[in-house]
Amino acid sequence: MADLMLTPRNAWADLTVAEIPGATLKPSPTRHRVLFQARERELETRMKAAGMAAPPAILRARMMDDVALLRPGPDEWLIVSEAEISPKWHEIAGPGAIEISHGYAGIEWCGPRVMLALSAGCPLDLHESAFPVGMASRTLYGKSEMLLWRQDHARFHMEVARSYLSAILAFFGETARHLPQS
Amino acid sequence: MLLIPCPYCGFPRPEIEFRHAGEAHLMRPEEPASDEAYAAFLYERENPKGIAAERWRHVHGCGRYFNALRDTVSDRILAVYKPGEVRPEVAS
Amino acid sequence: MSGFRATSGGRFDRARRVSFTFDGVAYLGHPGDTLASALMANGVSLVGRSFKYHRPRGVLAAGAEEPNALVTVDRGPGRITPNCRATEVELFEGLVARSQNRFPSLGFDLGAINSMLKPLFPAGFYYKTFMGPAINGKAKFWNRLFEPLIRRAAGLGAAPTEPDPDAYASLFAHCEVLVVGSGEAGLRAALSASENPAVRVILCEMDHDFGGWLLADPTGARFRDEAIATLRTRPNVRLLSRTQCFGLFLQGFVGLVERVTDHLADPAIDAPRERLWQVRAGRIVIATGAIERPLVFPDNDRPGVMLSSAAHILQGRYGVLPGRAIVVATATDAAYRTAFALADGGARIEAILDRRDHAGERVRAEAEARGIRVETGLTLLGTTGKKHVTGVSYAPMQNQDLRGPSQVIACDTLLVSGGFTPTLHLLSQARGSLRWDEPLSAFVPDKVPENINIAGLASGDFPPELRGAALGLLPGNDDKSALAFVDFQNDVTARDIRLATREGFRSIEHVKRYTTTGMATDQGKTSNINALSIAAESLSQSLPKTGHTTFRMPYVPVTFGTLAGAYRAELFDPIRRTPMHDLAEKRGAVFEDIGLWKRAHAFPRAGESVKAAVQRETRTVREHVGIFDASTLGKIEVTGRDAAAFLDRIYANPVANLAPGRCRYALMLNEAGFLIEDGIVARLSDQRFHITTTTGGVGKVLHLLEDYRQTEFIDLDCFLAPVTEHWAVIAVQGPKAREVIAPLIEGINVAADAMPHMTIREGRLTGVPCRLMRASFTGERGFEVNVPADFGFFAMEALLARAEGLGGGLYGLEAMHILRAEKGYIIIGQETDGTVTPHDLGLGWAMGKAPRDFIGKRGLARPDLLAKGRKQLVGLLPDDPAVVLEEGAQIILQHEPSTGIAAQGHVTSAYFSPNLGRGFALAMLKDGRNRMGEVVTIPMPGERVLARIVSPVFLDPEGRALHG
Ligand SMILES: [Zn+2]
């Protein structure tokens, strides 16, 4: 019996995504997530020792090597990665790190109208002067919590709790149809 | 919807990201505490007309608890400060 | 005679026509018309019946301030909108509109008899009736007679009965400057603010076209056209027409509602009906203009009586003249301009009756040049006519006295101008204050919040022609004379307001509520100042001393649909499903909502009832083995050097001494000492814990843990994160539980002595990482298999296949509830209600004996929590084994209770148990543990049930089934 292998079935299984001109949503390939706590200076020391750049400021995210390091709170850090998180990063995250890989799903938002589409549910000012490229913050989208990371002018990465994914896609599907022209 | 300046995030954020967490600066009475003193700690609150010191949590944001001075008449938040910090002096 | 379309003028599409119906009669109008302008162009002047007296009413105003012409627009089932202002309803091909508040028809209304019974409807009628005669303490007259009558007679249109099929959109928007109103002041503000391309500007206009009063005059319209063209070229400007600013809140937060499709004959299938804009604006410019006031004199409400400014707009924008023989009664020069414009459009101005002794030089000269008859220094005494005005009577005045006999001038239209009021509802909503300006006879802005500017007429900066006022009931009229209306929408007369002050109401807020003036959807737009003036005069005090009432939002009615937005039906709240949801669905699960989660209630087979399925599943677990999706259970990981010390302070149980690999059932109290949460604390290693909470409690627990971690136990080094959704959990419960899991588990010795009850191990389930917990909420041998969520579905499938091979199967939430209740295991929120202590539940043992401090310890020592006679957890067995008690039913000690006897406890859980073969219950009962064996009475609908008090553990009290 033990030779039976369990096939993974991720949060996107059986979900469909609405499409509108100018805003595309697709599953993010990021699958690995580790959350940890560290004071900024302490982490900076650890990262420097590993030959890395300084960690990002609060509410900022940075691509470092093959992983993204997000800082959603003053002492709170999130590693998000497509590939298995390397021992080097586990070292940096420290012994108290908590794995939350399967608890969240990543959504890629692309296109000239994504800012508008997000505004149907996000109360933050997403203008680039207020939410610049590189910013990453938890906030709300409709009645669901999300962690929103602006990767480019018209490209966002959204981390959502696994069981909220379908509600978020449904909310997008309903509200995206009703956006004004611009 | 109020804008609340989170002292950790550093700029005003919409109220719906926050959760109110009751009156600030409540001190658990020193042990041994009388029943009266403990009941007061549990249940007696200031509820002022004017400046109230209260706790908020940026629950859909940085997740941190902090204190705020809010004028309950104008609903203006006059100051925010981190737990453990001294309540600032403000004029309403 | 009534209104008609002039051969030239206006800003509508004269070339095209659209057809519409009003009260079933077909008419033609033009694109660009409002329902009001089109009706008047067709000579229809009677458009509604008044609220209380069912008086015939016509169009009074030109926009949102219209109090009379409220109509129902019918766009088909579920799309019936009552109380639309005809002055705002845009005409489209096929528009169906109906008048309101009339029976059987607008022309012949039985309700108009109220007019003759007017002594019945004085101010305060409703309040006085509420206090009417009561019989045996019951207000029978109200219930049986008055209420049904009033409900039929009163009201503003009828709500549709079908669900609303339309979609409603909403958006958050942010700008540096929001301009409300697109008249001259608003356009200038938007133009100058948007010169800087970094400044985002939103200009909103409630009308379907930008420009406000500029649209009524050709010179103004040119400026308007140029301004709009410029604004359209600026990418930092958002122009929103048909968009009403209905609420202004603190810190620049503003509610706008945009009417997206109501004006379209054939809207796109996908288009929303309305859109809510939740705007955060750095600065708000209120450029909402001014509203003209009517004159208060007897019978001032007949169709054909209209505000002078409204007639001007009607002629200038829609090319419609309100009549052919027009009298203008005024206290301002502005009405002279209206008279001139109408004369140019082809109407005959019979006279201008000026309340004042002198009109302005320029208008007087022009009137003379045009040969228009002007009378000054006079008062109005009434109008003649029935469903339309046929004449107006006036008399010359000297100071406050009549100077001569009254005279009548025949006319088909009477235009009135009692002065102008700056529109400051929004300022008032934003907690700005107003000040009485005596020369202007109006309230003007006083204290304005620093993020708000008031521009144009709204600021009280009136050009000379708009100055002048005739406030309150015009002299020469008294209470005995006929009805002189102040608030047209609420049918409040000058006499009503005087009556209120005579009956002792002195605060203007009280006068407002007693008379209903300035209430409802109208919010006193045309009536406020006149009402205040009459109240002030009658209280013999100045108007500023009388003060003004607070303007409530919304400025105009807002549909529920707009406020609900996308949040309805499936999207009302997020629906959360576990990774194994589809498997449950495939197996025929009936789901129930637990918080936001969908959880399987039971798995009825073909032809099996839900009830029977629950009984079968309950038996299966006790006899064989059951598989249960426990993924929704809250899970939190706690790590760090001081994780153990932290949890030891949090839980009422000692946790610090828990060895790695061990689990403990643990209780969480609040500071008051009451039980708020329970769960399992599992120690994975020295500095890592996996704790579980109830499904609904995890948010609350996280909030609480973070609170203590961040603000109180700051000396402790620990970290925590919710892992509820990282782990899918499959509970395997029953005598054959080990047989089910053993062949699938790798790296863990699951033998009884190697992995006893309340232990946790990490290993693999068919190659996948797994946290295996030996725990039981059923009283049977049990394992809880945690696998990363992506593997939950197939892990459950694999475990289920094993279980089914052993005679087991799936069980749902209801079977789980029965299983735990048979063992006397409590559920937070079912056995507890926030006033229950561990001792009350017989769980005092869990707190241990060693002295230590924890949250709630001091609370538990409070006298009331130690007192004798507290409610305690007991079991109940009804005498009749077939009976299942009602949860929440009260418990009485007496078997023949007299009326009024106090309950001594209540039933908290009750089920039928297939394992016991009878109904049973858990209950909280005063001094219950000392009452074992006693028989109590439980009143149930239609009967009294007797039940015996027993231990809350109904099965296997020694807990033998858990072990081995
Ligand atoms: Zn924050």
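I take buried to mean under 20% relative accessible area, exposed over 50%, and partly exposed in between, with a 1.4 Å probe and protein chains only. The model I am reading is predicted, so I keep to its limits: local features need pLDDT of at least 70, side-chain atom pairs count only at pLDDT 80 or more, and totals for chains, interfaces and linings use all residues. Residues are numbered from 1 along each chain as its sequence is written, chains are lettered from A and ligands numbered from 1 in the order in which they are written, and side-chain values use heavy atoms, with hydrogens and water left out.

**Entry: salt bridges**

I started with A:Glu42, which is partly exposed because its relative accessible area is 38%. A:Glu42 forms a salt bridge with A:Arg46, with the closest N and O atoms 2.8 Å apart. I use the term for a side-chain nitrogen of Lys or Arg within 4 Å of a carboxyl oxygen of Asp or Glu. Both residues lie in helix H1 (residues 40-49) of chain A, four residues apart, about one turn of the helix. A:Arg46 is partly exposed too, at 25%. For helices I take DSSP runs of H or I with at least four residues, for strands runs of E with at least two, numbered from the N terminus.

I counted 75 salt bridges over all chains. Next I looked up C:Arg356, which pairs with C:Asp354 at 3.0 Å between the closest N and O atoms. Is C:Asp354 buried or exposed? C:Asp354 counts as buried, because its relative accessibility is 0%. C:Arg356 is buried as well, at 18%.

The bridge between C:Arg944 and C:Glu896 has its closest N and O atoms 3.1 Å apart. This pair links distant parts of the chain, 48 residues apart: C:Arg944 sits in strand E51 (residues 943-950) of chain C, and C:Glu896 in the loop between strand E47 (890-891) and strand E48 (905-913). C:Arg944 is partly exposed at 44%, and C:Glu896 is exposed at 67%. I also noted one network, in which salt bridges that share partners join C:Arg55, C:Arg57, C:Asp299, C:Asp301, C:Arg302 and C:Asp491.

**Entry: chain B**

I found one helix and six strands in chain B. From the N terminus on, the elements run β-β-β-α-β-β-β. The C-alpha atoms fill a box of roughly 40 × 25 × 20 Å along the principal axes. Of the 92 residues of chain B, 46% count as buried.

**Entry: where chain B meets chain C**

How many residues does each chain give to the contact? Chain B gives 24 and chain C gives 25, with contact meaning heavy atoms within 4.5 Å. The two chains bury about 2200 Å² between them, 44% of it on carbon and sulfur atoms. Buried area is the accessible area (1.4 Å probe) that two parts lose on being put together, summed over both. In chain B, B:Met1, B:Tyr38 and B:Tyr65 lose the most area to chain C, together 27% of what that side buries.

The rule finds five salt bridges across this interface. One pair is B:Asp35 with C:Arg858, at 2.8 Å from N to O.

I then turned to B:Arg28, in the loop between strand E3 (19-23) and H1 of chain B. B:Arg28 counts as partly exposed because its relative accessibility is 30%. Leaving out residues up to four places away in sequence, B:Arg28 touches B:Tyr38, B:Phe41, C:Glu671, C:Tyr708, C:Glu712 and C:Ile855. Its side chain makes a polar contact of 2.2 Å with that of C:Glu671, and another of 2.3 Å with that of C:Glu712. A polar contact is a pair of N or O atoms within 3.5 Å; within protein, one must be able to donate a hydrogen and the other to accept it, and residues adjacent in sequence count only if both atoms are side-chain atoms.

**Entry: where chain A meets chain C**

Here the contact takes 51 residues from chain A and 55 residues from chain C. The buried area is about 4400 Å², of which carbon and sulfur atoms give 59%. I counted five salt bridges between these chains. C:Arg200 forms a salt bridge with A:Asp125, at 2.7 Å between the closest N and O atoms.
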